[in-house]
Amino acid sequence: MRHFTMSSAARRPSRLFRNFSAKIASVPMILTALVVFVGGTLWTVLYSFTNSRLLPRLNFVGLDQYERLWATPRWLVSIENLAIYGILSLIFSLVIGFVLAALLDQKIRFEDTLRTIFLYPFALSFVVTGVVWQWLLNPDFGVQAVVRSLGWESFAFDPLYNSSIVIYGVLIAALWQGTGFVMCLMLAGLRGIDEDIWKAARVDGIPAWRTYLFIVLPMMRPVLVTTLVIIAAGIVKVYDLVVAQTSGGPGIASEVPAKYVYDYMFFAQNLGQGFAASTMMLLSVAIVIVPWAYLEFGRRR
Amino acid sequence: MATPQTLEQFQQKCAAVLRPGLRKNKELERFRVSVKNGNALAADGPRGPKPRHAFSKRNIFIYGTLFVVAVYYLLPLYVMVVTSLKGMPEIRLGNIFSPPMEITFEPWVKAWATACTGLNCDGLSRGFWNSVRITVPSVILSIAIASVNGYALANWRFKGSELFFTILIVGAFIPYQVMLYPIVIILREIGLYGSLSGLVVVHSIFGMPILTLLFRNYFASLPEELFKAARVDGAGFWSIYLRIMVPMSVPIFVVAVILQITGIWNDFLFGVVYTRPDTYPMTVQLNNIVNSVQGVKEYNVNMAATLLTGLVPLIVYFISGKLFVRGIAAGAVKG
Amino acid sequence: MRRILTAAVLAAGTALGFAGPAFATDLEVTHWWTSGGEAAAVAELAKAFDATGNKWVDGAIAGSGGTARPIMISRITGGDPMGATQFNHGRQAEELVQAGLMRDLTDIATKGKWTDVVRPKGLLDSCTIDGKIYCVPVNIHSWQWLWLSNDAFAKAGVAVPKTWDEYVAAAPALEKAGIVPLAVGGQPWQSAGAFDVLLLAVGGTDAFLKVYKDKDGAFAGGSEIAKVFKAADDARKMSKGTNVQDWNQATNMVITGKAGGQIMGDWAQGEFQVAGKVAGKDYTCLPGLGMNSALATAGDAFYFPLLKDADKAKAQEVLAETLLDPKTQVAFNLKKGSLPVRGDVDLAAANDCMKKGLDILAKGDVIPWTDQLLSQDTQKQKEDLFSEFFAKPDLTVDEAQKRFAGIISSAD
């Protein structure tokens, strides 16, 4: 292989064989992109127009599955939850992550220890996170019971058993699990900033918070982009955490779209409905991500 | 106090300092130094403003905040450990935050060796080795593929390569549940369904987007001169990759290994769908133990099982936390 | 008792051993029986199968049918089938059969004269598609039981109720004593099941069949069903403060006297048994909530995927025979708290509650349950509705009934 490449590079052959090794090496990526992601998506979209039940069948019913989907209260609740959870977890994980990183970046002692403390929850799966927080937030023996036993009898903190705030209970657990990683990325970004910038800022008498906000943050654009991709991908996919922590309850109050997809595909044995829901998820992702991804990664440098 | 005007001036000054050419030279210089020191990315010293006196107001504020936040992060771990060491009667009576009155390791023994799911009463022990057998090849294969992808994307761009990459990134947003069915079909068609190799392939596919992104960014941040020099010397695709790129990319490989070990070890969905009971990974066993309620929920056993399952990624993080930040700095900062 | 059973199982094993293969074949069996009582019951099946010289490889998947079924189905459609798998009796495996992925058991059934021994007849009908038999029913479960904690009522100072209405009337007293009147776990199937039970008990057999069998949407939205929703509203109020997820945790609340009662299928019986409670003394059971004596029968059945391996196929036959063997039926169902599918077995060891069930069964007062009548899709929509209804006090009865009628109109 290598000899072939070298000699072919020397002879400057036709276009197809330019970078031939690179093309061969990219075959797994190309296959994944085309067969799994594009192929799988098209397949899903196609079958969302059918009335497939347990097994996929090409029996077309037009937009029936979509009409039913948008008339289903549970789907609407799922969308609303995802919006609340998504926006808040994006904001909070970025803000908390950045603030923690900035604090750790003050040439403090015990930096390694503190960083490990903030990061360790990321090593735990969402299933584990869900189980632990379900426990901490259980009104009968969790935080609420402990505070009450200290004498504050009327203290109420039972987000997992209160329909109107349950999604925030999920958010608390998600932030606990994920902010450490965001902090790491941010810290890495801060370490990439030239020390001369700080010196210069100090000479010019610019207060630290302004330096962070107007100079350092804009310079951290690449790391922010990577962070955003990772957080946002996690948000759309949120599933395990909800299943482990609340199973979508109480009632349907903490349902999320990915769970709707799974439940209808496999539990209700209605693939068509599940595929219609996945198509809607993919569509909304595509509307936001594709133009941005193309601008960010697709342009020729 | 700086007025907005001076702030603007300052930003311009910064831009001048960071003019592309200048930056490249500087980076290259730093890079050479760091390679000489056997430390591919030296940028791990704090960059923030210089600290003042030890007991200044500012320091009290910083340490105070960090301490409070650290308590919040540690609390769940503390509760897990404490609970796993208590007996059930004590759990029922007591406060979840109180330390155990009588330490018992029985829940740990039970979680590891005797907790039941259906008829199998051998706890998590069975799942541990399965998880190892799944994780090791998956980590190796996924990183091998993603690093080559990143290298090809950064240094050997060909027509359409950026398009495939964009598809991959969009693919990172597709919920796994959506892909479950098509993957079953694909695996069935290539005859890998139900085998461990099938699961390895699945992990490699779904690990690809984020890993490729990290590797691509890292390789793009390496000084192009190195690559060009090797090309002039007549080195080809694979020899540059193996002789120059891989040895210089230890930090990002470390990050990839950490991320993949965590991700694959913690995976539940693929593990349960694409394996069979005798090859179930530990997370599936954990779910089985936590959800097989036999009468009363044994919280101590559940917590012990939870900790045991999380132990491998936790140890990886505790040991390599520093390398992780350093490597992330290398893969995510430039782009 | 146990010794006799063991001897019987061994005897059955030797008898079948002649028919079975001379060497051991491993057969993987998947199921979702993981609670205390369920695991004890499945151990009986495994013991009986192992006694034939084969080996039961246990593939338990914890959670519930909802977690386990997707995995089972993926494996069958993905070309990596297990040796045998549990499904709820009814329509869950319909399409797998139609796709030709499941094994036709008609020959074995004819040999074993299943049509003569299995009762009620409806059970085998649910296994039959296009005249061929595809599954082995192993037990009869009925949903319509109210389990009451005698201790809880004693503590509240009221008599243990005999009907649903008395129970509702006793609820305030229970609440005053700090007891949750009705335990309803958070898993969606529990609230949906409780509603179906109320529909049959309060609405009556005709109303039940009109809604679920004829799928009469107009009727489901009408005044007769409004009565049922009123009862469901009572149940919703009584269940406030349950705060548990799993059905057996809810049962445990009844066992420990933290809750007054629970509407749950006869599988709850197994939990009382494991906890060492005695029917009649520690707890009371009311079939049909004391309102309607008709018993709807559902249950579990084993399906056998089509396998290429001849040895395994042979082992499948042995397992199918073993499952319906009279001794296995007795041993299994005693532990599971369900009723045997054979009318010709002696269930002397049955306790009070099981005997009540057996009497109803003998009278033939049985109707099919929702698993047989409705598709999984309709079942799931129903579950979504009722789990929301039970968790959300501001979802009005009228609104819920309107949505229910909508689901029934489009049901299949």
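Colleague: In chain B of this predicted model, how many residues of domain 1 are in contact with residues of domain 2?

Modeller: Chain B is divided into domain 1, residues 49-99, and domain 2, residues 127-332. The centres of these two domains, taken over C-alpha atoms, are separated by 32 Å. On the domain 2 side 7 residues take part in the contact, and on the domain 1 side the number is 8.

Colleague: Which element gives the most to the side of domain 1 of chain B that touches domain 2 of chain B?

Modeller: The elements giving two or more residues to that side of domain 1 of chain B are α3 (57-84) and α4 (88-93) of chain B. By class, the residues of this side are 4 nonpolar, 3 polar and 1 charged. The element that gives the most, with 4 residues, is α3(B).

Colleague: What share of the contacts in chain B with a separation of 6 or more comes from residues 24 or more positions apart?

Modeller: The secondary structure of chain B comes to 15 helices and 0 strands. Of its 335 residues, 49% count as buried. Among the contacts in chain B with a separation of 6 or more, the share from residues 24 or more positions apart is 75%.

Colleague: Over which residues of chain A is the pLDDT below 50?

Modeller: Chain A averages a pLDDT of 85, and 93% of its residues score at least 70. One stretch of chain A lies below 50, with 16 contacts in the model beyond near neighbours in sequence. Where pLDDT is low, the predicted coordinates should not be read in detail. The stretch of chain A concerned is residues 1-13.

Colleague: By class, what residues does the side of domain 1 of chain A that touches domain 2 of chain A have?

Modeller: Domain 1 of chain A spans 1-47 and domain 2 spans 65-298, and 35 Å separate their centres, taken over C-alpha atoms. In the contact, 4 residues of domain 1 of chain A meet 6 residues of domain 2 of chain A. The class count for the domain 1 side is 2 nonpolar, 2 polar and no charged residues.

Colleague: Which helix of chain A gives the most to the side that touches chain B?

Modeller: Between the two chains, 103 residues of chain A are in contact with 94 residues of chain B. The chain A side divides into 71 nonpolar, 18 polar and 14 charged residues. With 12 residues, the helix that gives the most to this side is α3 (residues 27-47) of chain A.

Colleague: Which are the edge strands of the 5-stranded open sheet in chain C?

Modeller: The order of this sheet in chain C is β2-β1-β3-β12-β6, with mixed pairing. On average its neighbouring strands are turned by 25 degrees against each other, direction ignored. An edge strand here pairs on one side only, and the two are β2 (55-60) and β6 (135-137) of chain C.

Colleague: Which residue of β12(C) is the bridge partner of Thr85(C)?

Modeller: Strand β3 (residues 84-88) of chain C runs parallel to β1 (residues 26-31) of chain C, joined by 2 bridges, and Thr85(C) in β3(C) stands opposite Thr30(C). With β12(C), β3(C) pairs in the antiparallel sense over 4 bridges. The partner of Thr85(C) in β12(C) is Tyr303(C).

Colleague: Which residue of β12(C) is the bridge partner of Val136(C)?

Modeller: β6(C) and β12(C) run antiparallel and are joined by 3 bridges. In β12 (residues 300-303) of chain C, Asp300(C) and Phe302(C) point one way, Ala301(C) and Tyr303(C) point the other way, and all are buried. The partner of Val136(C) is Phe302(C).

Colleague: At about what angle to β2(C) does helix α2 of chain C run?

Modeller: Helix α2 of chain C comprises residues 36-50. The helix lies across β1 and β2 of chain C, and its angle to β2(C) is about 155 degrees.

Colleague: Which helix of chain C lies across β7, β8, β9 and β10 of chain C?

Modeller: These 4 strands form an open sheet of mixed pairing in the order β8-β9-β7-β10, with β8 (180-182) and β10 (283-287) of chain C as its edges. Within the sheet, β7(C) and β9(C) pair in the antiparallel sense over 3 bridges, and Leu146(C) stands opposite Ile263(C) in β9(C). Running at about 140 degrees to β9(C), the helix across these strands is α14 (residues 247-255) of chain C.

How values were computed
Residues are numbered from 1 along each chain as its sequence is written. Chains are lettered from A and ligands numbered from 1 in the order in which they are written. This is a predicted model: local features need pLDDT of at least 70, side-chain atom pairs count only at pLDDT 80 or more; totals for chains, interfaces and linings use all residues. Two strands pair if DSSP finds at least two bridges between them. Axes are lines fitted to C-alpha atoms, for helices over the stretch in contact, and angles run from 0 to 180 degrees between N-to-C directions. Domain bounds come from an automatic or database domain assignment. Ala, Val, Leu, Ile, Met, Phe, Trp, Tyr, Cys and Pro count as nonpolar, Asp, Glu, Lys and Arg as charged, and the others, Gly among them, as polar. pLDDT is the predictor's confidence in each residue, from 0 to 100. A residue is buried if 20 or more other C-beta atoms lie within 10 Å of its own, exposed if 12 or fewer, and partly exposed in between; C-beta atoms are placed from the backbone.
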